[in-house]
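Biologist: I would like to learn how to read a model like this one. Please take me through it feature by feature.

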Amino acid sequence: YMGSQWMNQTYNAGFNYSNRNISEGSGTEGLLKSYLSACTVSCGLAVAGGQLVKRATSLSPTARQVVTRAVPFVAVASAGVFNVVLMRLRERHDGIDVALADGTIVGKSGQAGTQALMQVSASRVFLAGVCVLMPN
């Protein structure tokens, strides 16, 4: 269980690194910090969620099954968003390059950085959701 959370965040870190905004650059320290933080969040939520389900004796068997299946989704989705936000928060503060259709850079936009961060975060939740909907 913990191993799958760690593997997922390892994948996420590589995915985020490969799809980063190259114009902003990202140091090894920032990548490592976001990776370790996301692993901590993911594993912590998975363990805490599992313990909550075990202690929730008043849940019906159906509700227990639904909640049990939701714990990994919450852990993976939350850690995925956390990882992206940590890695790319500078884009929100400093802005990202805005270019014309021909590639000419006309400036930087913090609003565009915020929009990009929100879209990428939503995609991480969506990707985690697709895995949950897959049949066992």
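Modeller: Start with burial. Buried means under 20% relative accessible area, exposed means over 50%, and partly exposed lies in between (1.4 Å probe, protein chains only). Leucine 100 has 47% relative accessibility, so leucine 100 counts as partly exposed. This is a predicted model: local features need pLDDT of at least 70, side-chain atom pairs count only at pLDDT 80 or more, and totals for chains, interfaces and linings use all residues. Residues are numbered from 1 along each chain as its sequence is written, and side-chain values use heavy atoms, with hydrogens and water left out.

Biologist: Where is leucine 100?

Modeller: Helices (H or I, at least four residues) and strands (E, at least two) are DSSP runs, numbered from the N terminus. Leucine 100 sits in the loop between strand E1 (96-99) and strand E2 (105-109).

Biologist: How many disulfides does the structure hold?

Modeller: A disulfide is a covalent bond between the sulfur atoms of two cysteines. Here the term means a pair of cysteine sulfur atoms within 2.5 Å. The structure holds zero. The closest cysteine sulfur to that of cysteine 39 is in cysteine 43, 6.1 Å away, which is too far for a bond.

Biologist: Are those two cysteines buried or exposed?

Modeller: Cysteine 39 is buried, at 10% relative accessibility. Cysteine 43 is buried too, at 13%. Both are on the list of buried residues in H2, which also includes Ser34, Tyr35 and Val53.

Biologist: What do the buried residues of H2 pack against?

Modeller: Contact means heavy atoms within 4.5 Å. The buried residues of H2 pack against helix H1 (2-18) and helix H3 (61-94).

Biologist: What should helix H2 span?

Modeller: The expected span of a helix is 1.5 Å times one less than its number of residues. Helix H2 (residues 28-55) has 28 residues and should span 40 Å. Its end C-alpha atoms are 40 Å apart, which agrees.

Biologist: How far apart are lysine 54 and serine 121?

Modeller: They are 67 residues apart in sequence. In space they are 30 Å apart, C-alpha to C-alpha.
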